[in-house]
Amino acid sequence: MDPTFQFQHYLLKSQSLGIYLDIQSRSTRNMSPPKVWTQPGWQEYLSARNAGLPYLPAVAKLSTEVVRILGGNPGNMQLQGTNTYLVGSGQKRILIDTGQGCPIWLTTLVNYLDQHQLSISQVLLTHWHTDHTGGLPALLAQYPHLVAAVHKAHPDRGQHSIRDGQTFTAQGTTLRALFTPGHSQDHMCFILEESGAMFTGDNVLGHGGSVVVEDLGPYMKSLQVMTQGVRNEEITVGYPGHGAVIDDLPAKLIVWSRHWEMREKKVLSAFIGANTKTRASLTTRDIIASLYGPEMEAMAGPFISQVLSKLADEGKVGLAVAGQEKKWFML
Ligand SMILES: [Zn+2]
């Protein structure tokens, strides 16, 4: 049992839970961040986790080229709030992400820019989730010159696209885009070329072990792309979309990749009983019960469903539907 589940197991002893067994369909994956976290068990787990998070100041100068401004939206999923970053060392800076739209974020940003006589030249968005793009309308109202300077991998009307490898410069500072879909279909990381750091968006966070992603297959490939990137560029520092600065990004990438690989192996192992020639056909509930115990359905359901979807995409498992029952089998 991995440590996350052990903790959840402890929390679950004292309460009964609703059941989450649905497989996320392709169409719902693209709609909004998953709703699975509203499960009572997860709510309690996330609250307990967040109570132990380190304090982060509203504004922090992290290096000569990077200033972090918190979005003002702390929450179960947002940790201390969404991180937004001003990047560059000259008068003109690049802004990465815009928070959720909390007024305090814009006030803090404007004050910082005024105090240091700085301006924003370009806005880069790591992905479309509203806790990263929600501050955009207010930002553009404040600084209309930025209307023509917003970049996102899959651009909205009036925005520019970002392609893999594209560079953005601000007075001596260069950011290079790294297309890393999975958490969302349009997810981009950015490599800070001068000082060997990576803005990781929501692919790897400053705290915690794992996230629910929109599409696990591409997400795991993206973790590999990031790992290759940090190796090639000798990057150690990660600036995540939520949480504190990551001091050892290569190590964290390995931990997160292994975490999902282990889950995948575990799910496959559930199909193979004592007699390896007999491959069982199992409901998601059966799989969770055999791996973690029946009381873990609600907590483990989202993760196991993601793994099963990935395995189905790869042709390793199939799904048979008989009446109300969906059963998985190995291919
Ligand atoms: Zn986020």
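In which sense do S7 and strand S8 (residues 173-179) pair, and over how many bridges? The two strands pair in the antiparallel sense, over 4 bridges. Strands are DSSP runs of E of at least two residues and helices are runs of H or I of at least four, both numbered from the N terminus, and two strands count as paired if DSSP finds at least two bridges between them. The structure is a predicted model, in which local features need pLDDT of at least 70 and side-chain atom pairs count only at pLDDT 80 or more, while totals for chains, interfaces and linings use all residues. Residues are numbered from 1 along each chain as its sequence is written.

S7 and S8 belong to an open sheet of 5 strands with the order S7-S8-S9-S10-S11 and mixed pairing. Strand S7 (167-170) and strand S11 (237-240) are the edge strands, each pairing on one side only. On average, neighbouring strands of this sheet are turned by 25° against each other, direction ignored; the axes used for such angles are lines fitted to C-alpha atoms, for helices over the stretch in contact, and angles run from 0 to 180 degrees between N-to-C directions. Thr169 has Thr174 in S8 as its bridge partner. Strands of a sheet pair through backbone hydrogen bonds, either parallel or antiparallel.

A parallel pairing is found between S4 and S5, over 5 bridges. Here Ile96 has Leu124 in S5 as its bridge partner. Strand S5 (residues 119-125) is mostly covered, with 5 of its 7 residues buried. A residue is buried if 20 or more other C-beta atoms, placed from the backbone, lie within 10 Å of its own, exposed if 12 or fewer do, and partly exposed in between.

Helix H8 (residues 249-271) packs against helix H9 (residues 284-292) at an angle of about 105°, with the axes 9 Å apart. H8 and H9 are therefore roughly perpendicular to each other; angles under 35 degrees count as roughly parallel, over 145 as roughly antiparallel, 65 to 115 as roughly perpendicular and the rest as oblique. Lys266, Val267 and Ala270 of H8 make the contact with Ile287, Ser290 and Leu291 of H9, where contact requires C-beta atoms, placed from the backbone, within 7 Å. These residues comprise 4 nonpolar, 1 polar and 1 charged. Ala, Val, Leu, Ile, Met, Phe, Trp, Tyr, Cys and Pro count as nonpolar, Asp, Glu, Lys and Arg as charged, and the others, Gly among them, as polar.

The axes of H8 and helix H10 (residues 297-313) come within 10 Å and cross at roughly 80°, so these helices are also roughly perpendicular to each other. In this contact Arg263, Glu264 and Val267 of H8 meet Phe303, Ile304, Val307, Leu308 and Leu311 of H10. The contact has 6 nonpolar, no polar and 2 charged residues. Buried residues of H8 include Arg263, Val267 and Phe271. The partners of the buried residues of H8 include strand S10 (197-201), H7 and strand S13 (325-330).

Two loop residues other than glycine have a positive phi. Asp97, with phi near 70°, lies in the loop between strand S4 (92-96) and helix H4 (103-115). Asp97 counts as buried because it has 27 C-beta neighbours inside 10 Å. Glu234, with phi of about 55°, is in the loop between helix H7 (216-233) and S11. Glu234 counts as exposed because it has 8 C-beta neighbours inside 10 Å.

Definitions and conventions. Contact = placed C-beta atoms within 7 Å.
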